[in-house]
Amino acid sequence: MSVAELKERHMAATETVNSLRDRLRQQRLLLLDTDVAGYARSQGKTPVTFGPTDLVCCRTLQGHTGKVHSLDWTPERNRIVSASQDGRLIVWNALTSQKTHAIKLPCAWVMTCAFSPNGQSVACGGLDSMCSIFNLNTQTDNDGHMPVSRMLSGHKGYVSSCQYVPDEDTHLITASGDHTCVLWDITTGLRTSVFGGEFQSGHTSDVVSVSINGSNSRMFVSGSCDSTARLWDTRVASRAVRTFHGHQGDVNTVKFFPDGNRFGTGSDDGTCRLFDIRTGHQLQVYNQPHGDNEAPHVTSIAFSISGRLLFASYNNGDCYVWDTLLAQVVLDLGSLQNSHDGRISCLGLSADGSALCTGSWDTNLKIWAFGGHRKVI
Amino acid sequence: MTGLKGNGSPPSLPLPRPKSPPEYADLYRKRREMAKVQMLEREIGFLEEELKSIAGLQPASRPCKELAEFVTCNADPLIPVRTKKIRRSCCLWKWLCGASCFNVSSICCCCCQSHLERTRSHDCTTCSCSNPCKGCPTPKCNHCFCCSSRCSNKPTCSWTCCIPKCPSCLTCPSTRCVCNVKCLEGNMCSCCTKSCCNSCLFCY
């Protein structure tokens, strides 16, 4: 077959794909008899209300000298690891605000970090296209350098996001600018599976976020600059279980809902969305009108432990707290006293759901918790 | 000289015509196009499968209902609770606890413990309950290692209730810890003093 014939076949296939996607969209619309907010209103739900001192900034973690790009909590004990443009990882005791480790990285351009389930190791990745693992029990030298205990190399593009598989200190998943996600065996340093890529069905642009299902660690979701989110089964790397369309811009952040059957996304189109993994339905759009101005991009999201609250940070400094059920903004952390002075780039909830940590371009991290009384009348 | 005509002027040569470079076979281009076509055809297969499966799908109202039920059945430490309904459910929970809860760790909670205290002494700190009790008015403090589980200051002991203590020193507050400074730049660095705990990057 000649190149010209192949090009014709390519055009025809593209038309067929577009037509099928259109038909799918129409069929799905027929099944969208309600959204979450519509259902909640029909049940008489009222929005969550916050008093002025209900959610307060109770700690400010100072120490980075550059923008904070990523943070992660330990599954137990209240420690946080953060990664910054200053080329350092810092491990914090969130209760006391003390730093327990300050690790100078071999490559300063770090974009993501994660704590291992046992809290003994941290992983980070960035523009060096590698994921580096550090054992926190190893001493740093006088310059703050800590030896890398394992280097995971194989990506052909930057590492944008990483997360350890829950309850498995030896496996983690990375997302990359090379359009793939990879499941790694840390013990051997080898790739167990590659999701997507040149010859497999997967994302068609940079993958910038990943979230593993806490209820079923074989499932994970990825978000990409191709405007889609994809659900993957780690046992089947050849294709995504499902592709979720809807966003009109890069999907910068994905996070599983606490029940493990839904996940949220945040995008450059200014919206957050909630999808159901079993049916593929888009259950809710969280969109704040901005008039004629371009909608600010969503940089990071997190759900509260019950799922009732969706925390979403934006590139204009806002950090909205959405009532997930009623799709209303109930608070803006960005406007509260003692809030950040710059864009909030990352969010994370503590394992027990009692505190939210935000990381910002103002170089600080802040911890937010419930500061009011729970009144039982 | 050869080529010269009788009149002495040289024969005119044809004007040079630039030629296109010869076409070489671009084998990789063909392979790339083939790969793109194959991926698209695979995508067509996936989309057709999805279209078939969509016929049997439940409408969106079902997952919306599941989600709403999940959210309302789980307590959330970040959400203010101000309604009377809590009391009724708490009373019901306490009654249920009194009837059957003694050794069932999955429903053990401070609310249960307060009932158990009437029957036998029980230390809340040993409670293995991982799920917060829905109706419990005195959730166990999970965060302060300085105050007792029955925190007398505020019933909802949380991040903001207790002054966190320096891990090395049981009595001093963390912000002015004088006993746990390990400054790498000798004992003093330009941005911290002996009483500094947090501001110097290298102090930990």
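Student: Which residues is A:Cys272 in contact with, leaving aside its neighbours within four places in sequence?

Tutor: In this predicted model, A:Cys272 is in contact with A:His247, A:Thr265, A:Gly266, A:Gln284, A:Val285, A:Tyr286, A:Val298, A:Ile301, A:Leu310, A:Ala312 and A:Tyr314, once neighbours within four places in sequence are set aside.

Student: And which residues touch the most other members of the largest nonpolar core?

Tutor: They are A:Cys272, A:Leu274 and B:Leu67, in a core of 25 residues. Several elements each supply at least two residues of this core, among them strands E20 (272-276) and E23 (309-314) of chain A and helix H2 (61-73) of chain B. As a general point, nonpolar side chains in soluble globular proteins tend to be buried together.

Student: Which residues does the second core include?

Tutor: The second core is separate and has 19 residues, including A:Cys57, A:Phe311, A:Val330 and A:Ile344.

Student: Back to A:Leu310. Where is it found?

Tutor: A:Leu310 is found in strand E23 of chain A.

Student: Why does A:Leu310 count as buried?

Tutor: A:Leu310 counts as buried because its relative accessibility is 1%, and the cut-off for buried is under 20%.

Student: What is A:Leu310 in contact with, beyond four places in sequence?

Tutor: Its contacts of that kind are A:Cys272, A:Tyr286, A:Ile301, A:Ala302, A:Phe303, A:Tyr320, A:Val321, A:Trp322 and A:Thr324. For A:Trp322, the C-alpha atoms of the pair are 4.9 Å apart in space, while A:Leu310 and A:Trp322 are twelve residues apart in sequence.

Student: Changing topic: is A:Ser193 buried or exposed?

Tutor: A:Ser193 is buried, because its relative accessibility of 14% falls under the 20% limit. A:Ser193 has its place in strand E13 (residues 190-195) of chain A. Leaving aside neighbours within four places in sequence, A:Ser193 is in contact with A:Cys181, A:Val182, A:Leu183, A:Thr234 and A:Ala237.

Student: What is the phi of A:His179 near?

Tutor: The phi of A:His179 is near 80°, which is positive in a residue other than glycine. Most residues other than glycine have a negative phi. A:His179 lies in the loop between strand E11 (171-176) and strand E12 (181-185) of chain A. With a relative accessible area of 29%, A:His179 is partly exposed.

Student: Where does A:Ala327 lie?

Tutor: A:Ala327 lies in the loop between E24 and strand E25 (328-332) of chain A. A:Ala327 is not a glycine, yet has a positive phi of about 55°.

Student: How many bridges join E18 to E19 in chain A?

Tutor: Five bridges join strand E18 (residues 251-256) of chain A to strand E19 (residues 262-267) of chain A, and the two strands run antiparallel. One of the pairings is that of A:Val251 with A:Ser267 in E19(A). E18(A) and E19(A) form a hairpin with five residues between them, and A:Gly260 in the turn has a positive phi of about 80°.

Student: What does the domain assignment of chain A give?

Tutor: The assignment gives domain 1 (1-31) and domain 2 (39-370). The centres of these domains of chain A, taken over C-alpha atoms, are separated by 34 Å.

Student: How many residues has helix H1 of chain A?

Tutor: Helix H1 (residues 3-31) of chain A has 29 residues and reaches 42 Å from its first C-alpha to its last, close to the 42 Å expected. Among the buried residues in H1(A) are A:Leu6, A:Val17 and A:Arg28.

Student: Now chain B. How many helices and strands are there?

Tutor: Chain B has four helices and zero strands. Of its 204 residues, 33% count as buried. Among contacts in chain B with a separation of 6 or more, 17% come from residues 24 or more positions apart.

Student: Where is the coiled-coil region placed?

Tutor: An unreviewed UniProt entry places the "coiled-coil region" at residues 30-57 of chain B. That span of chain B is 89% helix and 0% strand, and its end C-alpha atoms lie 41 Å apart.

Methods: Residues are numbered from 1 along each chain as its sequence is written. Chains are lettered from A and ligands numbered from 1 in the order in which they are written. This is a predicted model: local features need pLDDT of at least 70, side-chain atom pairs count only at pLDDT 80 or more; totals for chains, interfaces and linings use all residues. Side-chain values use heavy atoms; hydrogens and water are left out. Domain bounds come from an automatic or database domain assignment. A nonpolar core is a set of buried Ala, Val, Leu, Ile, Met, Phe, Trp, Tyr and Cys residues joined through side-chain atoms within 4.5 Å. Buried means under 20% relative accessible area, exposed over 50%, partly exposed in between (1.4 Å probe, protein chains only). Contact means heavy atoms within 4.5 Å. The expected span of a helix is 1.5 Å times one less than its number of residues. Two strands pair if DSSP finds at least two bridges between them. UniProt positions are given in the numbering used here, feature names are shortened, and annotations may be inferred rather than shown by experiment.
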